[in-house]
Amino acid sequence: MSLSDVIEYVKRKEKTLVVFNPPADSTLIADLRDYFSTQNVTVTGKQTSSGEPQNVAVLRLNGDVLASVPVAQLRELLTGGGLRETGVGIDDTDYHEILQHLKETTFTSYDKAEMVNISHEIEDRALRVGSGRLLAGFQESAKLARQADRYERLATKPLDIHTFAIPGDSVDVDSITHHTEATAEIRESWFVVFDGDGENGYKTALLATEQTPNQFYGFWSDDPEIVDTIGEYLETTYLTAPPQ
């Protein structure tokens with residue numbers, strides 16, 4: 001397993017939203033594809049020979065039905081919102097039946113500025129919780145140096161903070177544990193993983209690989225299983241692995 005394998009594993013958990021028998025002149029499918037463009041879901045339409053059911057959409061994962069909702073609810077969603085204007089994911093308060101299954105993971109391409117913003121949101125959550133483990137991959141030590149003030153502030157809390165970069169300039173941030181790892185995935189991967197101090201509701205992670213300079217592909221997830229998978233991989237590979 002590798003960090004890129006984790007990304008592929010999450011990608012394979014892509015869901016399918018099937019709208020049954022949409023009118024021929026409807027833009028609903030295209031509108032939903034645009035709306036859910038950053039969520040890990042494929043939107044498709046299906047015409048049946050009987051023309052039934054109508055005005056129904058079904059969300060599936062690996063053939064299993066997760067939710068079934070009236071098309072009218074999806075139209076309301078397109079009109080009234082639900083996707084957060086800032087941050088990640090979906091506010092599912094008013095659309096619980098469908099959105100509870102889509103809110104956990106945002107899967108897309110990011111530029112450097114977006115990566116920094118998401119990283120800061122996760123770090124801020126760790127700061128608010130004030131305990132637990134925070135794992136952060138910076139690729140290069142110079143990037144950590146530019147965030148030294150932020151990590152010194154995080155280190156004032158009883159957080160177990162581990163940072164990662166390829167060998168390079170020394171890192172001088174008190175009360176964190178810095179790991180230098182001469183591996184391709186540490187050079188290519190940007191990650192921030194907070195274990196929520198064991199509380200599933202606080203767990204969150206960002207994981208992406210650099211595809212071209214300052215362009216990253218990956219995801220941000222609040223799914224506890226995914227967060228734990230990343231954390232366990234980093235634990236066994238870099239924190240407790242015997243020296244080579």
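Accessible areas were computed by the Shrake-Rupley method with a 1.4 Å probe, and for residues only the protein chains shown count as cover. On this basis the chain exposes about 12300 Å², of which carbon and sulfur atoms supply 45%. The model is predicted: local features need pLDDT of at least 70, side-chain atom pairs count only at pLDDT 80 or more, and totals for chains, interfaces and linings use all residues. Residues are numbered from 1 along each chain as its sequence is written, and side-chain values use heavy atoms, with hydrogens and water left out.

The chain holds 9 helices and 11 strands. Helices (H or I, at least four residues) and strands (E, at least two) are DSSP runs, numbered from the N terminus. Of the 244 residues, 45% count as buried. Buried means under 20% relative accessible area, exposed over 50%, and partly exposed in between (1.4 Å probe, protein chains only). Among contacts (heavy atoms within 4.5 Å) with a separation of 6 or more, 67% join residues 24 or more positions apart.

Two helix pairs were examined. Axes are lines fitted to C-alpha atoms, for helices over the stretch in contact, and angles run from 0 to 180 degrees between N-to-C directions. Angles under 35 degrees count as roughly parallel, over 145 as roughly antiparallel, 65 to 115 as roughly perpendicular and the rest as oblique. A crossing is left-handed if the near helix is turned anticlockwise from the far one by less than a right angle, and right-handed if clockwise.

The axes of α1 (residues 3-11) and α9 (residues 224-239) come within 10 Å and cross at roughly 165 degrees. The two helices are therefore roughly antiparallel. Their crossing is right-handed. Leu3, Val6, Tyr9 and Val10 of α1 meet Glu225, Ile226, Thr229, Ile230, Tyr233 and Leu234 of α9. These residues divide into 8 nonpolar, 1 polar and 1 charged. Ala, Val, Leu, Ile, Met, Phe, Trp, Tyr, Cys and Pro count as nonpolar, Asp, Glu, Lys and Arg as charged, and the others, Gly among them, as polar.

For α2 (residues 28-35) and α3 (residues 71-80), the axes come within 11 Å and cross at roughly 55 degrees. This pair is therefore oblique. The crossing is left-handed. Leu28, Asp31, Leu32 and Tyr35 of α2 contact Val71, Leu74, Arg75, Leu77 and Leu78 of α3. The division here is 7 nonpolar, no polar and 2 charged.

Pro158 lies in the loop between α7 (148-154) and β7 (159-165). Pro158 counts as exposed, at 67% relative accessibility. Beyond its neighbours within four places in sequence, Pro158 contacts Gly130, Ser131 and Gly132.
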